[in-house]
Amino acid sequence: MTKMLQGSNILGHERPLVIRISFTTCVLTTVCLPLLGLIACVLISSVFHFEDSTGTHCQVPNYLPSISASISLSPECHIWRFCIGLHSAPRFLVAFTYFKFYKTRFASKFPESPLSCLNLAFSISENLGLLLLTYVSSSETYCGSLIYMLITCRLWKAIKKYSLSPEDAKSHHWKVRFLLLNISFLAFAGFFYWKHNMYCESGSYTLFAVFEYLVVFSNMAFHLTAVWDFKSREVMVISSSEDKNF
């Protein structure tokens, strides 16, 4: 829920404009933008650029485009850049919110304190990898994402150990589940990619594409657990003007 408050002019001073957005809304928007962008790109590529997006060096029938193929054509690439560009700012905000949260929880504890710094670094690198997907390979982005999820699960294991909140235990439980799913889907995607390049079997690249989508969806679901972590928090934007005497 979003609230906007505009103050009136009191004693010559205008009260600041305050915009409050629940953290849940912020997280949902952050996750939905790349999700909707990806779905739109895959659908457009499948309908209008089927041959170009599914063709490979093996020249065998394939039925779905890979993510890299579906976001490399036009107008798909513009849709993807637009969605990723919009989602990047709140994504950085979420990353630094987690960092502050971990620092408050762990202070100078070892190894959690240095792990929280690493977590922030890999979160930022994952976001930058998405922004620079033209220059950074998807495999590097997946690697950074996987390390980020592993560190996050390790930190939440420590949080769950000392927390009495059922929400913290629930968050850790689902984070681990989505991490295991992500690793499984990544392994299957790698297997079918290898199989396609090795044997040029019909449909192998299609199965690679399916599991590649599932890797991304499980990653998005992992990030969605932030809704439980910060459900009572708000993002606040305050705009004020200062009177100047000349």
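## Packing of α4 against α6

Tyr 98, Phe 101, Tyr 102, Arg 105 and Phe 106 of helix α4 are in contact with Tyr 148, Thr 152, Leu 155, Trp 156, Ala 158 and Ile 159 of helix α6. The structure is a predicted model. Helix α6 spans residues 138–162, and its axis lies 11 Å from that of α4. The two helices pack at an angle of about 35 degrees, and the crossing of α4 past α6 is left-handed.

## His 87 in helix α4

Helix α4 covers residues 76–106 and includes His 87. The relative accessible area of His 87 is 1%; because the cut-off for a buried residue is under 20%, His 87 counts as buried.

Beyond its neighbours within four places in sequence, His 87 touches Thr 30, Leu 33, Pro 34, Asn 127 and Leu 130. Thr 29 is 58 residues from His 87 along the chain, yet the C-alpha atoms of these two residues are separated by 7.4 Å.

## Two residues of helix α7

Helix α7 comprises residues 166–199, and Trp 194 is part of this helix. Asn 182 also belongs to α7. Is Asn 182 buried or exposed? Asn 182 is buried, since its relative accessible area is 3% and the limit for burial is under 20%. When residues up to four places away in sequence are not counted, the contacts of Asn 182 are Leu 146, Met 149, Val 215, Ser 218 and Asn 219.

Trp 194 has a relative accessible area of 42% and is therefore classed as partly exposed, a class that lies between the limits of under 20% for buried and over 50% for exposed residues. On the surface, Trp 194 forms a nonpolar patch with Phe 191, Met 198 and Tyr 199. Together, these residues have about 460 Å² of accessible area.

## Overall architecture

The protein contains nine helices and five strands. Read from the N terminus, the order of its elements is β-β-β-β-α-α-α-α-α-α-α-α-α-β.

The chain has 246 residues, of which 42% count as buried. Among contacts with a separation of 6 or more, 72% are between residues 24 or more positions apart. The protein exposes about 13800 Å², and carbon and sulfur atoms supply 66% of this area.

Notes: Residues are numbered from 1 along each chain as its sequence is written. This is a predicted model: local features need pLDDT of at least 70, side-chain atom pairs count only at pLDDT 80 or more; totals for chains, interfaces and linings use all residues. Side-chain values use heavy atoms; hydrogens and water are left out. Patches are made of residues with over 30% relative accessible area and no salt bridge: like charges are joined within 9 Å, nonpolar side chains (Val, Leu, Ile, Met, Phe, Trp, Tyr) within 5 Å. Accessible areas come from the Shrake-Rupley method with a 1.4 Å probe; for residues, only the protein chains shown count as cover. A salt bridge is a side-chain nitrogen of Lys or Arg within 4 Å of a carboxyl oxygen of Asp or Glu. Helices (H or I, at least four residues) and strands (E, at least two) are DSSP runs, numbered from the N terminus. Buried means under 20% relative accessible area, exposed over 50%, partly exposed in between (1.4 Å probe, protein chains only). Contact means heavy atoms within 4.5 Å. Axes are lines fitted to C-alpha atoms, for helices over the stretch in contact, and angles run from 0 to 180 degrees between N-to-C directions. A crossing is left-handed if the near helix is turned anticlockwise from the far one by less than a right angle, and right-handed if clockwise.
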